[in-house]
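Student: I would like a close look at one part of this model, namely its salt bridges and the contact between its chains. Please give a single connected account.

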There are 2 protein chains.
Amino acid sequence: VRIGLDIGGTNTDAVALARDGRELARVRRPSGFGADEVIASAEAAVRESVAQAGARLADVTSIGVGIPGVIDQLSGRVQHAVNLGVVDLHLAERLSRRLTVPVFVENDVKAASLGAWHLLHLTGSAALLNFGTGLAAGVVVEGRLWRGARGTAGEIGHIPVDPTGVVCSCGQAGCLETLASGSAIARMWPTDAALPAVDLFDRADAGDGEAGRVRATFVDGVAQAVRLLALSVDVETVVIGGGLSGLGDRLHGPVLEVFARWAQASPFLASLDLPARTRMLPAGAPVAAVGAALLGSVPEFA
Amino acid sequence: VRIGLDIGGTNTDAVALARDGRELARVRRPSGFGADEVIASAEAAVRESVAQAGARLADVTSIGVGIPGVIDQLSGRVQHAVNLGVVDLHLAERLSRRLTVPVFVENDVKAASLGAWHLLHLTGSAALLNFGTGLAAGVVVEGRLWRGARGTAGEIGHIPVDPTGVVCSCGQAGCLETLASGSAIARMWPTDAALPAVDLFDRADAGDGEAGRVRATFVDGVAQAVRLLALSVDVETVVIGGGLSGLGDRLHGPVLEVFARWAQASPFLASLDLPARTRMLPAGAPVAAVGAALLGSVPEFA
């Protein structure tokens, strides 16, 4: 049995996978806040998923953890996971000492890209575009994570695409993340609605001109992110994921319309065949937890 | 002995490499125009380089060809090599029939990236940024060409980075190529000078305000191309090559100044360590011919 954890700012999701990849159990618990509580909730999620799978801890061959922040995946150390109140946490060491099972740690978006590759039965190369609060992509080639030379492969959220754009949290101006992310929507469409993106799309559908313009900016940014991946790493498949992928067809449709408009203006763009290469992540697919569960068992690039 | 050809719009360069990679001969001839003449000048360059190396055709184990245009590298077919007057040419088939040696064909920029990786003794991953008439990069990982899923890996010249930019030859607007390429300089700095880029830099150095502004736009575009590669494929080393790399330190210095300005505004950008990862291609390095010579002997990605 392999356990995968997705430790998010709100919830910790766990899956238990059989040796053949079949899902044996799935558990969700609130994430703890601060290093000690993060460890405690992670441990509880592992124990609960093992029990739900009808297994014992001794049957668990590895535990993988996907978590936001800066990860040193060799030592399993996590730094600057702000949403979890974690400044510096030797996650692999502390969790493996409690559970006496090897623990692998990876950035949550990278883990999710590995999970998407497996859950969607992709082949060749693929990227998961994670539209959450921020924007980043994880890249998988032939089932292996492509981290890049410095761990910044797929960090396309911080590529500037508009010299007159607003200043980004990274200090640059006009980053793609300032157009296509949850924080971009929060800035462009201030609202008290529980789901700002859904509110934005609802209001745009209802004919609100400003909502229509903001939605168009956001959708164009999503399409730009796909194009950028095709013209740099050139993965075969781009999966639109992250919290905003919950918009489903309401997002997918308009993105396809942008591709169609581009293809009319540019035979070169048309030749990229972006519509056929772009997929939406199915709602509720536990990609980060599944990808985390695979961490110890998939081959690595040198 | 392995022969590598770099068939450019003006000249065809050939190198003969020993089994250990040592250069045995280097030859330059004018390129023919049109399919038949391209084949004839390529054949002559091969025979001449073999003779200069003190070898016989029977000693040649493979011939590699780097050539602009759309390449089907499996069949060795070349299409749309406009500068060579080539519409459709079964280059590998025709050249190998004349010389009875296996012929491998690759896009010239991709071949040059492989050559740069070897000539500069690079390790890990690297990209050659080719600033010629257009802008494209070739990507090499652990000595292998990274073509991408559709052969568009590194085609960053056609990523738009300015929504208000001019229309590009590809039909899109504001592509990186409209800022950082020979065609961009030709548009922004019309001149009868034999070397427009040198003229531009000379005039900027002499205090011409408009030349200074155009140069700044161009240099900023070059720096953007490096940043874009670091945040997408994340290669360890970016080599600035192509005809415009002949500017040498006159280009390298200002690019480093842009990096320094960016690093001041953005700790994230500073962490990318771009100055240490950016190198200029040494003048006269026959990277495309050397890369072509290696085509049959380096491993390939699946």
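Tutor: In this predicted model, the side chains of A:Asp205 and A:Arg250 meet in a salt bridge, with N and O 2.9 Å apart; the term denotes a side-chain nitrogen of Lys or Arg within 4 Å of a carboxyl oxygen of Asp or Glu. A:Asp205 belongs to helix H5 (residues 196-205) of chain A and A:Arg250 to helix H7 (residues 249-265) of chain A, so the pair ties together parts that are 45 residues apart in sequence. Helices (H or I, at least four residues) and strands (E, at least two) are DSSP runs, numbered from the N terminus. A:Asp205 counts as exposed at 53% relative accessibility, whereas A:Arg250 is partly exposed, with a relative accessible area of 30%. On this scale buried means under 20% relative accessible area, exposed over 50%, and partly exposed in between (1.4 Å probe, protein chains only). Through shared partners, salt bridges join A:Asp202, A:Asp205, A:Arg215 and A:Arg250 into one network.

Over all chains, the structure holds 40 salt bridges. Another of them links the side chains of A:Arg56 and A:Asp59, at 3.2 Å from N to O. Here A:Arg56 is exposed, with 56% relative accessibility, and A:Asp59 is partly exposed at 30% relative accessible area.

The interface of chain B and chain A contains four salt bridges by the same rule. One pairs the side chains of A:Arg150 and B:Asp273, at 3.5 Å from N to O. A:Arg150 lies in the loop between S11 and H4 of chain A, and B:Asp273 in the loop between helix H8 (267-271) and helix H9 (274-277) of chain B, so this pair joins two chains. Both residues are partly exposed: A:Arg150 has a relative accessible area of 35% and B:Asp273 one of 32%. A:Arg150 also forms a salt bridge with B:Glu236, where the closest N and O atoms are 2.7 Å apart. In general, side chains of opposite charge can pair when their charged atoms come close.

On the side of chain B that touches chain A, helix H6 (209-230) and H8 of chain B each supply at least two residues. The residues of that side divide into 22 nonpolar, 10 polar and 10 charged. For this division Ala, Val, Leu, Ile, Met, Phe, Trp, Tyr, Cys and Pro count as nonpolar, Asp, Glu, Lys and Arg as charged, and the others, Gly among them, as polar. In total, 42 residues of chain B are in contact (heavy atoms within 4.5 Å) with 42 residues of chain A. The two chains bury about 3200 Å² between them, 56% of it on carbon and sulfur atoms; this buried area is the accessible area (1.4 Å probe) that two parts lose on being put together, summed over both.

Residues are numbered from 1 along each chain as its sequence is written, while chains are lettered from A and ligands numbered from 1 in the order in which they are written. Local features need pLDDT of at least 70, side-chain atom pairs count only at pLDDT 80 or more, and totals for chains, interfaces and linings use all residues, while side-chain values use heavy atoms, with hydrogens and water left out.
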